[in-house]
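Please open the sequence and the structure side by side before reading on.

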Amino acid sequence: MTEYWQKFFRDTWGISGRIAALPGELDLNFLAPDDGLVLKVMRPGCDRALVELQAALHAHLSRSGNCPVPEVVAAKDGRELLETADETGAARLVWAIKRLDGTTVANIRPRLESVAADLGRVTAHMAEDLAGFDHPALDRPLKWDLRRADWIRDEIGLINDGARRAQITGLLDAFTARHLPLLERLPAQAIHNDLNDHNLLARVDLNGAALTGVIDFGDAIRAPVLCDLAIAGAYAALDTDRPLAQVTALVRGFCSVRPLREEEADALWPLVLMRLGVSVVNAAREKRLKPDDPYVTVSERPAWRLLDWARDQDATAITATLRHAAGLDPAPCMARAARALDSALICPMLETDLAGARVADLSVTGRDAPGDPETGALDPATFGEAPVLGRWAEPRLIYTAPLFRAGSHPAEGRRTLHMGLDVFLPAGTAVAAPIAGVVRYAGREDAAQGYGGCVILEHEAGGARFAALYGHLAPASIAGLAPGASVDAGTVFARLGTAEENGGWPPHLHLQLGHPDQADAPFAGVYAAGMEETARALHPNPARLLSLDPATVTAPRLDHEAEAARRRRHSTRNLKLSYAKPLPILRGRGTLLYDDRGRTYLDAYNNVPHVGHAHSHVVAAIARQMALVNTNTRYLQPIWADYAEAITALMPEGLDVVFCVNSGSEANDLALRLAAAASGGTEVIVSRAGYHGITRAAIEISEYKFGGPDGTGRPDHVHVAEVPDPLRGALPGNDDPGPRYADDVARVIREAEGLGRRVSAFISEPFPSVAGQVIPPAGYLKAVYDHVRAVGGICIADEVQTGLWRLGQTPWGFAQQGARPDIVVLGKPVANGHPMGVVVTTREIADAFASRMEFFSTFGGSSVSCAAALAVLDVLRDEDLPRQVERVGARMLNGLSALAARYPLLADVRGMGLFLGVDLARPDGSPATEAAAYIVNRLRENRVLIGSDGPHDNVLKIRPPLVFSETDADFLLRRLEAILGETALQPFMDG
């Protein structure tokens with residue numbers, strides 16, 4: 001068939017290249033890439049007026065310039081529409097349009113909100129441009145006309161699943177009763193009517209995406225513009241785990257050009273669902289008629305996934321979100337209710353006077369929050385007999401039950417934003433109606449951390465209707481309530497339940513306002529952080545029902561922009577923040593970090609909290625010692641010697657003298673002084689791309705700094721050897737790389753001595769980290785140390801990154817290389833981030849240094865620092881972390897290697913234990929720096945934190961706290977795999 005049309009279009013349109021078939025339901029479409037054309041062969045019997053309509057729409061819109069629509073291209077004889085016979089003799093209408101740049105949106109991963117916003121703008125522009133367009137074919141009957149959706153009623157029985165049949169029937173009934181009358185009232189005009197992802201083109205790169213084309217006007221009709229927006233929303237929400245965000249972006253884009261009326265905004269989500277309902281019923285019918293045609297069901301499975309998701313959502317909250325995106329008040333009835341309550345006559349709800357009650361702080365950093373953010377257990381002693389209030393709109397980490405979680409790993413997210421007001425009082429406390437109301441719901445929610453007994457009353461104040469949810473009630477006390485029953489103001493209708501009957505919480509009342517449309521079942525008391533604006537609009541502060549001032553029980557919000565401005569005001573531009581969108585991290589635990597709204601992130605980057613953020617044993621050790629005394633090493637403190645003995649016990653024999661300072665930078669600075677005293681030399685040999693700290697002396701030996709952008713250049717006493725990177729190092733070759741790179745150090749030593757100078761020291765990270773998580777070739781470090789010692793130099797191992805079992809197999813990187821240094825430097829990981837640096841050396845070197853001026857670091861090795869460092873060693877031993885590091889590190893290496901086998905961008909996977917790097921390369925082998933930045937930021941958006949490093953910043957750096965688990969590893973690998981499949985990275989995958 002393709003060959004037949006190849007000849008036809010060569011003869012009539014003069015195409016010179018090959019054509020390729022494109023997917024289509026009824027018509028034939030071919031791409032002529034060399035000629036920049038799309039060739040369209042209409043189905044036999046196609047109405048000529050329909051084709052003329054499409055051509056006229058293309059011509060009209062391409063002239064306006066507001067919509068990326070392809071122009072119609074005339075044949076060689078000047079005609080735009082030809083009729084010819086196909087190979088069977090059937091008459092066909094044929095025409096051609098220009099090809100637009102871009103990828104079909106259906107083939108773009110992931111679904112991008114920027115494309116949805118572009119589509120919204122284009123839809124609005126299209127509506128404006130087509131307002132005066134007319135053609136008789138616009139009025140033809142079409143099954144995809146939303147106003148005619150009732151045709152599916154007779155076909156719903158083709159859906160096999162009974163629950164799904166009922167769902168579509170319910171959608172259709174609601175549509176017919178509530179939304180069809182609106183569509184019949186709205187003005188009708190020409191619309192596209194099929195803005196699905198196969199009819200849209202977009203350009204995608206590492207910087208984002210933009211819509212580049214709208215094609216296929218074959219379903220164009222005369223209908224309200226709202227139908228076009230609803231259809232676009234239905235398809236924008238398919239195949240994404242953030243469907244509401246997609247539709248929200250679409251609406252925001254649309255309304256930046258053309259406003260929506262309130263009734264249109266309210267009907268939009270039901271119309272989106274109705275289009276999906278038509279789609280799945282049509283698929284069921286077409287499967288029966290064409291069981292072997294995959295095109296007829298191309299959207300069926302994703303449509304059902306979206307419908308299944310929508311069934312479990314609060315439609316009122318979705319509509320409020322879309323209203324907000326449209327620039328409308330999300331919930332005007334609730335705004336009226338909140339104003340009315342300011343002056344309403346309120347009866348006492350509780351017998352206890354709440355004036356002066358303590359207001360608890362259960363926020364992310366709250367004093368009353370649990371010590372472990374992943375257990376959620378409140379201390380009953382904190383909420384005793386006296387009333388305690390819990391704040392409205394407070395982000396909390398106490399919601400840990402499956403009811404609140406989005407997935408099995410904590411970083412997959414959970415609902416954290418508490419939208420009610422809590423009053424902690426003893427079980428059995430009576431609850432009275434503050435205003436007369438009608439029971440809309442009375443029941444029990446038995447899930448862990450659920451409401452327990454729950455009543456929803458509908459109230460009215462100042463003519464404004466609203467619902468109020470009363471949660472954590474004793475089920476027995478509400479057994480006599482039924483929907484429709486009236487409750488007079490001041491009447492006791494419930495009592496507080498015990499912890500055993502209200503989800504495990506300490507006895508308290510959860511009071512929350514809600515929209516009347518939400519009142520037939522318990523609405524969410526806790527929202528995801530991304531839904532905060534919607535939640536605030538739907539659930540205003542209920543404090544007035546308790547005769548409280550809302551300001552006193554409203555949790556504060558961190559203003560990110562103001563905080564960034566405050567930081568800029570008091571810092572310098574070279575004190576940088578991580579990620580394109582910086583994170584306001586306020587809390588950590590283990591491998592998890594939490595932002596100000598309770599979002600959880602997996603930390604696979606920060607090596608300083610060596611045994612995990614806020615490890616309870618380390619925290620307790622610091623607190624215990626701080627409560628005793630925190631002073632310096634001029635006092636005879638057994639704890640200092642305890643630590644010195646513990647750390648030297650892990651060192652090779654002879655490394656038994658300890659100096660304690662406050663950081664790795666100070667430790668490296670001191671190591672240089674020790675080496676100079678012992679060697680009598682002045683020259684220091686360093687590794688390219690090495691980094692050793694921020695003091696002046698440390699910067700002078702950090703080629704990563706002095707040789708980098710804005711660096712001051714190599715100091716005269718510093719000499720640079722090549723980093724032993726087998727992949728990207730400066731010394732390629734086919735021989736053993738270890739001796740090759742070690743010989744380079746020998747060369748540098750000869751050059752230094754050739755200047756008449758004496759080598760003081762060689763300093764390096766045994767496993768270079770800033771250089772790109774480099775795994776040095778076997779034998780390299782031992783050979784280097786031999787060269788250095790041959791000229792009287794001192795060998796310094798900077799183990800800040802790799803020390804204390806980060807490699808899993810051994811406590812030290814130098815040991816893995818079979819080398820023995822003269823000085824070992826450790827940094828803040830030794831004390832889990834507490835200011836601590838350690839230098840361990842030999843007695844001989846220490847004595848040479850001791851013959852000079854006194855050494856004293858005011859709080860280096862303080863009693864609290866030593867307590868923290870000893871606690872880290874306890875955890876390493878008691879939790880058997882070296883073995884875990886080796887096991888999980890192997891899992892990570894295997895997983896990354898499996899990804900590298902599928903994705904060529906991953907040019908080299910390397911590492912030991914939890915010291916891991918992935919070198920990213922373009923198809924030509926050059927460093928893929930931009931791809932690394934993209935992946936790091938996309939992982940951050942997916943709640944995983946890693947970094948990038950290396951001379952070209954193209955190496956993914958993974959160095960998590962050592963408590964990183966198999967579950968953490970699997971989560972990271974899943975997230976990384978999904979990102980590697982994204983469209984923006986595909987140019988890096990093609991060889």
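At what angle do helix α7 and helix α9 pack? Helix α7 (residues 262-289) and helix α9 (residues 315-325) meet at about 135°, and their axes are 9 Å apart. Because of that angle, α7 is oblique to α9, a word for whatever is not under 35 degrees (roughly parallel), over 145 (roughly antiparallel) or 65 to 115 (roughly perpendicular). Axes here are lines fitted to C-alpha atoms over the stretch in contact, with angles from 0 to 180 degrees between N-to-C directions. On the α7 side, the contact (heavy atoms within 4.5 Å) involves Glu 262, Ala 265, Asp 266, Leu 268 and Trp 269, while α9 supplies Ile 318, Thr 319, Leu 322 and Arg 323.

A word on the model: it is a predicted one, where local features need pLDDT of at least 70 and side-chain atom pairs pLDDT 80 or more, while totals for chains, interfaces and linings use all residues. Residues are numbered from 1 along each chain as its sequence is written, and side-chain values use heavy atoms, without hydrogens and water.

Next, take a look at Glu 394, which sits in strand β14 (residues 394-395); strands are DSSP runs of E with at least two residues, and helices are runs of H or I with at least four. Glu 394 is buried, at 0% relative accessible area, where buried means under 20% with a 1.4 Å probe and protein chains only. Its side chain makes the polar contacts below, each a pair of N or O atoms within 3.5 Å, one able to donate a hydrogen and the other to accept it.

| Side-chain pair | Polar contact |
|---|---|
| Glu 394 and Arg 391 | 2.7 Å |
| Glu 394 and Arg 396 | 2.8 Å |

Beyond its neighbours within four places in sequence, Glu 394 also touches several residues, including Asp 361, Ser 363, His 418 and Ala 555.

Now for some backbone details. Most residues other than glycine have a negative phi, and most peptide bonds are trans. Ala 393, in the loop between β13 (388-390) and β14, has a positive phi of about 60°, and Ala 393 is buried at 0% relative accessible area. Asn 193 has a phi near 80°; Asn 193 belongs to the loop between β8 (189-191) and β9 (200-205) and is buried, also with 0% relative accessible area. Finally, the peptide bond from Arg 109 to Pro 110 is cis, with omega near -5°, and Pro 110 lies in the loop between β7 (103-104) and α3 (113-129).

Definitions and conventions: Buried < 20%, exposed > 50% of the residue type's maximum accessible area, 1.4 Å probe, protein only.
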